[in-house]
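Grab a pencil and work through these exercises on the structure below.

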Amino acid sequence: MKLGGMWRDAIKALVQGPSTQKYPFERLKTPERFRSKLTWDLTNCTGCGLCMKDCPANAIEVVTLDRKAKRFVFRYRVDHCTFCGQCVESCNKNCLELPEDDWELATTNRQDFEVYYGNEADVQIVLDGEAETGA
Amino acid sequence: MNTLVAFLTMVIFPGGLFLLFVGMMYEWLDRKLVARFQNRIGPRWFQPIADNVKLLAKEEVLPEGVHPQLFYVLPVIALSGALTAALYVPMFGFEPATSFNGDLIATIYLLSLLTLSMGLAGANTLDRYSLVGATRTLTQLFSYEAPFLLALLGPALIAESWQIGEINDYARDHWFILTQPIGFVVALIGLMGKLELPPFDAPEAETEIVAGAMTEYSGRGLALFHLGKGVELVIGLSLVAAFYLGGLANPIDFVVKTVLLLGFLASVQALMTRLRIDQTVGLWWRYGALLVLTQYLVVIIVEGTIA
Amino acid sequence: MDINKTWQGVLDQVKTWARVNSPWAIHYNSGSCNGCDIEILATLTPRYDAERLGVKLEGSPRHADVLICTGPVTRQSRERLIRIYDQMPEPKFVIAVGACALSGGAFQGCYNIMGGIDEVIPVDVFVPGCPPRPEAIIDGVVKLLGQLQGGVSAEPVTLTEESVPAPQGVKPGLA
Amino acid sequence: MATHNPTQKAPERETFKIPIGPQHPALKEPGHFEFAVDGETVTDATVRLGYVHRGIEKGVESRTWIQGQYLVERVCGICSHVHATTYCLAVEKLAGVEAPPRAQAIRSLVAELERIHSHMLWLGVAAHEAGFDMLFMYSWRDRETVMNLLEGITGNRVNYSANILGGVKCDITPEQDAAIRAGVDYLEERTRHYLDVVQNDTMFMRRTKNVGTMTREQAEQMGVVGPTARASGVPRDIRVDAPYAAYKDFPVNVITETAGDLHARFVVRVNELFETFRLIRAILDHLPEGDLQTRVKRKIPAGETIMRIEAPRGELFYYVKSAGGETPDRVKIRTPTLPNMASVLELAVGHQLADMPMILTGIDPCFSCNDRMITVRDTHSNQRDVWTWDQLRKYGMNAAQ
């Protein structure tokens, strides 16, 4: 039985200084395996859509414009993504990657969350198509 | 001219703005120290100022079912009570702004005004957390008040005066902490109870009753209560320092002694677990009051034999 | 006139400064899995210590400026969420934390889910992640504060009748 | 303040009820409790759950087997890994495959790391409820060590998704091995200190000793599980009773206490940490070599199975039924908080209001685990339904069919 059982910690903390990371002012590196915003590499994609099928949160959509010419557009919704990594596991061609250092995704505008990957021209086609169906 | 001086004492120094500022600084120091004990960086120096300015600029919601006049006036009474009390205390090591024989009693009761207002404010609302908070606040008031008063009367008895200024002068060459150590401890603990600092924060225990009597207050009212507490912290610290730590002769004296006391308070806050309200009451009545009374007896007897 | 204007400007600046430096938060879990909640709590602990930015977690909605919401909105907690939002004094801001709070995340399509927080109350900052790291939550708070720096929109947001089911037979006061 | 004999019901008069939740600083999750108080003494307690009911069991039925894993992982964020593990083990059992030994060992390893994180989290939260913020801050600071390890191994701090049907995603590299050992060494030293604080700090003892005492008989009767039961002297641990994953190769010692009060629950959980440290070292010392995954087909053969796992809070139970398709036919989850919750209401009566958050936290509640069921309550008489053991059995059998 003793009073104030943690006094040693208190004194130690006073002497050694705080153990706080000064985050917004200093940024530490994240571990190598950390999962953040998904990226897509068109080169090997066959448009199989397994990633889309296995995604538990409806975050991925592969729009096939022309399967033979490999014209795919990859639509990714950050706000839906749960960063579970199943799509990376499912992809047989290693097209998908969850890099470790892109986690500062907070935003005041929801529109920022819709990300398109693919050839610029193809993305434009998909976007235009959206506009048409939207109107 | 006299009115101008009186006005200045009330509004600028040591009454109004200056005291508010010092109160906020002491609050910051307290929070910072606790944070450092907990191995954190803690708030920046202007944190209480920003908090209070923000609260003052915020909307004040009038909850349903309260007495509106009481709701608005209680925070003002609380703060003004605390500010008035400052006039009788040797603030910052200077002579008290005004004094009369018996101002010690007046000061102590002016200080209680804050707690009373908080109790009333809690009882004024329909919210159940506030009601429990109010009950606990008042229960605690009745338990710490007597030991705290007794502890402050010890030095007064020896100094043979009821005037804070005189006791302060007397204390300068008599360190009462050596002759009345129990009184010193009880006075400090009583001060913690008065300010509802942990571990005596059962009346506003966050995990049980949200914010106690303050739950329904927002904006200005909350800011005034906060400010009042800061002011009380300074007054309480300077009272204890003046009575027990060899008096307050000059500003340096004041800063050194009160900050030392504050450091002690902060460490107690950090190291202790919150007491239940029944444990608090038990502690003060069973040990606090009795020990001080015993010391009282000893002091009177010793005084009598010497005289 | 001119003096009045300057005075008003200074006052506004002071207000904004105070607001930016003292965001008191209240946290409500409207159906999340706890992941985000423990990460929010972790931002208060020594390693992240949000108090150095002035963030303080308050228990009462009356004291808070920022409502930090986690989780998809379930049918039961929807009414509470609206009530807490209504109890907060102006100006108030909302941060939605986690994939579920943004869109329903993994729970999309479950029968008891109403969708993200912004389908019920207006949201100022969205923090994606499942759950976001404490740093990412701090990043969200910092982005909110950055937005505040530019000045607060003057008009208070009022919820319309249809979005708020009138609480019936509930006594005034908290919870 | 009037004292009140809890066994004697108050005569006809309006009781003063203190609500706790759904938004309340003591609860990080929404749950609604109502405590009828007389002065500061609690005379009756009721609970209303369901604020976090999201319909997960139904949701899993409309998802594929793969997607289902990520949904059940989010039943609870604190013990996400055990949920996913139970689900994977059950599905693997149905599919007739078994994950390779290395995968099983890594599953157990992550589960034990998660246990550390969960217990330290609980230690901090419980201390915070008692108003002991110092212990809260320090235990959470040290918890970051294990969070770092988990982030490094699996790639996320909370919902790790380390599992995949048929194995695990992540391997343990030699560097990680060293990091885990170093982290565990540090934590062991700190845990010893916390044990000392929990057992010896006078002020803290005043809040925990003889509060919320549950006798062994009561514990058995209410079917309490996990550390809460072990604190009352019931040696109940699925890792020992029905070993799963790699626990056959790495036996566990059951830690029990006999006092049954809050203090005993603190001591049991902190002592369990030492056992966990030992296990982690043992697993790292004898980590089997081999593959990480085996293939599981997208269609699972028809059948049904159950799976039990010792979550940080107690026994976690899964019932999985397949009709042979790409989606589950039925998944039933029973989480440890559910049986434990009943004990709170039982223990609350007669205690001080100030002890309520402590007693509530004592069982380490997890509402999001809990809230996949809807409590049936008669709103007219506002009375809790009381079911006899036989009725409950019959109901359970009917429901399972």
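**Exercise 1.** Work out whether the radius of gyration of chain B agrees with that of a compact globule.

Solution. Start with the rule: the radius is taken over C-alpha atoms, and the globule rule is 2.2 Å times the number of residues to the power 0.38. For 307 residues that gives a value near 19 Å, and chain B has 19 Å, so the two agree. Next, look at the extents: the C-alpha trace of chain B spans about 65 × 50 × 40 Å along its principal axes.

Before going further, a word on ground rules. This is a predicted model, where local features need pLDDT of at least 70 and side-chain atom pairs count only at pLDDT 80 or more, while totals for chains, interfaces and linings use all residues. Residues are numbered from 1 along each chain as its sequence is written, chains are lettered from A and ligands numbered from 1 in the order in which they are written, and side-chain values use heavy atoms, with hydrogens and water left out.

**Exercise 2.** Describe the secondary structure, burial and contacts of chain B.

Solution. Count elements as DSSP runs, numbered from the N terminus: helices are H or I with at least four residues, strands are E with at least two. Chain B then has 13 helices and zero strands. Now burial: 63% of the 307 residues in chain B are buried (under 20% relative accessible area; exposed is over 50%, partly exposed in between, with a 1.4 Å probe and protein chains only). Last, contacts, meaning heavy atoms within 4.5 Å: among those in chain B between residues at least 6 apart in sequence, 77% join residues at least 24 apart.

**Exercise 3.** Run the checks on chain A: which elements does it have, and how spread out is it?

Solution. Chain A has four helices and five strands, in the order α-β-α-β-β-α-β-β-α. The globule rule gives 14 Å for 135 residues, but the radius of gyration of chain A is 22 Å, well over that, so chain A is more spread out than a compact globule. Its C-alpha trace spans about 75 × 35 × 25 Å along the principal axes. As for burial, 43% of the 135 residues in chain A are buried. In chain A, 69% of the contacts with a separation of 6 or more are between residues 24 or more positions apart.

**Exercise 4.** Find the aromatic pairs and classify two of them.

Solution. Rings of Phe, Tyr and Trp (its six-membered ring) pair if their centres lie within 6.5 Å; planes under 30 degrees apart are stacked, over 60 edge-to-face, and the rest tilted. The whole structure holds 15 such pairs over all chains. Take Phe113(A) and Phe126(C): centres 6.1 Å apart and planes at 90°, so edge-to-face. Phe113(A) sits in the loop between β4 (96-97) and β5 (114-117) of chain A and Phe126(C) in strand β5 (residues 125-127) of chain C, so this pair joins two chains. Both Phe113(A) and Phe126(C) are buried. Now try Tyr244(D) and Tyr247(D): centres 5.0 Å apart, planes at 70°, so edge-to-face again. Tyr244(D) and Tyr247(D) are both buried. Also, Phe71(B), Tyr72(B), Tyr217(B) and Phe225(B) form one aromatic cluster.

**Exercise 5.** How many residues of helix α2 (residues 65-73) of chain D are buried?

Solution. Nine of the nine are, so this helix is largely enclosed by the rest of the structure. The buried residues of α2(D) include Trp65(D), Gln67(D), Tyr70(D) and Glu73(D).
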